[in-house]
Amino acid sequence: MIENKIRLHINNNMVRKTTLFLCFLIFALVLPTPVTGITGVALGIGTHGGVALADDPVGFSPDFYTPKAQALGAVTALLDIPLFASLSLGFGLQLHTTTASSLAGGWSYRSHWGGGLRLSAGYGVQLSSSSRPLQLELGASAGASFNFDRYTWTTLLFFYPGVFLEPYLELYNPKRERSSIALVLPIDYYFRKDLDFSGSIGIGVVWRYYSKGRK
Amino acid sequence: MILRHPISRALPVLLSSIAALALLFSLSGCTLELDYDKYAIVFGISDYPGTGNDLSYCDDDALSMENLFIEQGYPSSNIYLEIDDTATRANLEAHFATVASTAKEEDLFIFYYSGHGGKRPEDPQNGSEETYGSDSLGEWIFLHDYLQYVDSNYVENLDEAICDDELAALLRTIPCVRKIVLLDACNSGGFIGNVLEKDGIPSDFSFGSDGIVTNLSNAIYLYTNYDGYKSDISPADALVIAASGERESSWEGMYGHGVMTYFLLQSATKADLNGDDYITVSESYYYIYKNINASWNNTTSALIYDVFFPHVSGGPIDYILFTK
């Protein structure tokens with residue numbers, strides 16, 4: 001009986017992790033070849049909100065602690081440096097907070113807040129013709145995050161890295177071509193050593209100012 | 001012009017949908033079904049053998065905690081209270097055995113202790129085994145019979161005390177998943193077995209905090225060197241609120257209680273920081289340390305005695321400690 005439970009738990013775990021990797025893979029495969037170009041460094045600021053999911057605290061009873069959702073919010077300052085025609089490197093400094101999960105069952109995943117460094121590479125394609133008053137660019141950036149958080153209401157600081165994929169849809173007006181606004185869908189997976197699974201998905205907006213105009 | 005664009009029209013709908021989804025997730029656990037039994041072992045020792053080591057309020061602390069647990073809905077039969085000369089290691093082990101045989105996985109278990117604590121080698125005969133913490137000594141709680149009268153003197157017998165790893169082993173015999181340990185004793189921070197979290201408050205508060213760079217680099221070090229929970233009471237064993245750091249004394253005399261216990265008792269009604277009518281371990285801890293800082297560390301009490309700062313277990317999980 002116990003063996004079956006453990007096996008079931010392991011299977012569930014594998015299903016969850018496989019699903020997550022498939023999501024990453026699908027996003028990566030459907031990204032089109034980059035064709036648009038941006039010159040000059042871009043500075044930006046973005047904010048997003050979403051849902052974090054945690055499961056399987058390490059060392060704790062695996063049957064008792066079920067997955068629970070936590071709300072999250074983040075503000076990120078960005079620096080994008082173009083490498084080639086449409087490939088860029090991104091540096092982000094993020095402040096983020098994750099609320100506690102529900103107390104169902106008498107327990108919750110803890111609330112935490114902190115900051116992190118996000119390094120990424122991104123590319124995109126222009127969707128609309130240049131004759132349109134508003135231009136659209138579809139793209140994605142992917143990279144790694146390095147986070148320092150503190151459990152809320154405590155003095156405890158902890159570190160965890162992560163990886164992320166951030167599809168975006170950028171909107172800009174050629175008449176005010178140095179600034180743009182983008183809708184982003186950040187998907188994060190965190191390598192927490194005290195949680196077997198920890199990730200988040202969100203939606204947000206990013207405003208960028210380019211030091212040079214678009215080609 | 002922007003509003004006429006199809007993407008612009010879709011954006012508010014998309015944002016609203018995501019927000020509604022997030023709200024649904026966050027509210028999914030609003031109705032709590034807290035249908036479980038609660039157990040507590042409560043030990044308080046003011047009157048140690050002889051007169052030189054007596055404390056003033058630890059017995060009152062234990063009685064007040066018992067009353068609080070009854071108010072919190074603990075059946076009297078599930079509270080194991082021992083005061084002064086009955087607060088012995090034999091009784092402690094017997095009560096742990098009783099709870100271990102009756103409690104279920106989903107139940108809540110709390111161990112509360114108010115009395116002397118200290119640092120000694122974990123293995124008095126063969127020297128120390130402690131490998132984690134700021135020194136090579138283990139932390140102990142001194143139960144009543146640890147002082148024994150031998151040749152006209154009171155001498156320590158650590159066989160009647162409990163060290164950090166021994167308490168962790170006892171806790172592992174309790175089948176409850178949620179276990180909380182509340183220690184109002186000197187050096188009790190050393191019972192906490194955090195391995196992934198760098199505490200921003202050092203084990204001796206009077207030394208001042210480490211700088212931000214040290215804290216961040218220590219956090220990375222702990223992450224990269226994590227090898228599972230090893231010693232002391234890990235967050236998986238129990239969540240601990242300790243009155244003082246590993247290298248600190250804790251104090252009593254706050255309106256007839258130990259300082260930590262005084263604010264712990266208050267936290268049951270005053271520490272609902274997020275207004276959800278439940279007080280978690282983290283909320284209670286925050287209330288305790290904020291008030292000890294304000295009412296002890298920043299007053300003349302700290303000049304006469306010494307500053308101290310409570311500590312708490314890390315880990316990703318929090319438990320309901322009190323219901324408002």
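**Confidence in chain A**

The score is pLDDT, the predictor's confidence in each residue, from 0 to 100. Helices (H or I, at least four residues) and strands (E, at least two) are DSSP runs, numbered from the N terminus.

I noted how to read this entry: it is a predicted model, where local features need pLDDT of at least 70, side-chain atom pairs count only at pLDDT 80 or more, and totals for chains, interfaces and linings use all residues. Residues are numbered from 1 along each chain as its sequence is written, while chains are lettered from A and ligands numbered from 1 in the order in which they are written.

The average pLDDT of chain A is 84, and 79% of the residues score at least 70. I found pLDDT below 50 over residues 1–8 of chain A, a stretch with 1 contact in the model beyond near neighbours in sequence. Residues 24–36 of chain A are also below 50, but I see 20 contacts there beyond near neighbours in sequence. A contact means two C-beta atoms, placed from the backbone, within 7 Å.

**Chain A layout**

I counted 1 helix and 10 strands in chain A. Read along the sequence, the pattern is α-β-β-β-β-β-β-β-β-β-β. Of its 215 residues, 43% count as buried. Buried means 20 or more other C-beta atoms within 10 Å of the residue's own, exposed means 12 or fewer, and partly exposed is in between, with C-beta atoms placed from the backbone.

I picked Gly49(A), which is in strand 1 of chain A (residues 42–57). Buried or partly exposed? Gly49(A) is partly exposed, because it has 15 C-beta neighbours inside 10 Å. I also checked Gly49(A) against Gly199(A): they are 150 residues apart in sequence, and their C-alpha atoms are 13 Å apart in space.

**Where A meets B**

I looked up the interface next: 44 residues of chain A are in contact with 51 residues of chain B. Strand 7 of chain A (156–172) gives the most to the side of chain A that touches chain B, with 7 residues. I sorted the residues on that side and got 29 nonpolar, 11 polar and 4 charged. For the sorting, Ala, Val, Leu, Ile, Met, Phe, Trp, Tyr, Cys and Pro count as nonpolar, Asp, Glu, Lys and Arg as charged, and the others, Gly among them, as polar.

Strand 7 of chain A also runs antiparallel to strand 10 of chain B (residues 198–199), joined by 2 bridges. Two strands pair if DSSP finds at least two bridges between them. In this pair, I found Leu157(A) partnered with Lys198(B).

**Chain B strands**

I counted 8 helices and 16 strands in chain B. Of its 324 residues, 48% are buried.

Strand 1 of chain B (residues 38–44) runs parallel to strand 2 of chain B (residues 79–83), with 5 bridges. I saw Gly44(B) opposite Ile83(B) there. The chain gets from strand 1 of chain B to strand 2 of chain B through helix 2 of chain B (residues 58–71), and this β-α-β crossover is right-handed. That is, with the strands pointing away from the viewer, the path from the first strand over the helix to the second runs clockwise.

I then followed strand 6 of chain B (residues 147–150) to strand 7 of chain B (residues 153–156): they run antiparallel with 4 bridges. They form a hairpin with 2 residues between them, and Asp151(B) in the turn has a positive phi of about 50 degrees. Val150(B) has Asn153(B) as its bridge partner.

**Cores**

The largest nonpolar core has 110 residues, and Leu143(B) and Val240(B) are among those touching the most other members. Such a core is a set of buried Ala, Val, Leu, Ile, Met, Phe, Trp, Tyr and Cys residues joined through C-beta atoms within 7 Å. Its largest share, 8 residues, comes from helix 7 of chain B (residues 281–297). I noted a second, separate core of 11 residues, including Ala140(A) and Val184(A).

Why is Val240(B) buried? I found 30 other C-beta atoms within 10 Å. Val240(B) sits in strand 11 of chain B (residues 239–242), and beyond neighbours within four places in sequence its contacts include Val181(B), Phe191(B) and Val312(B).
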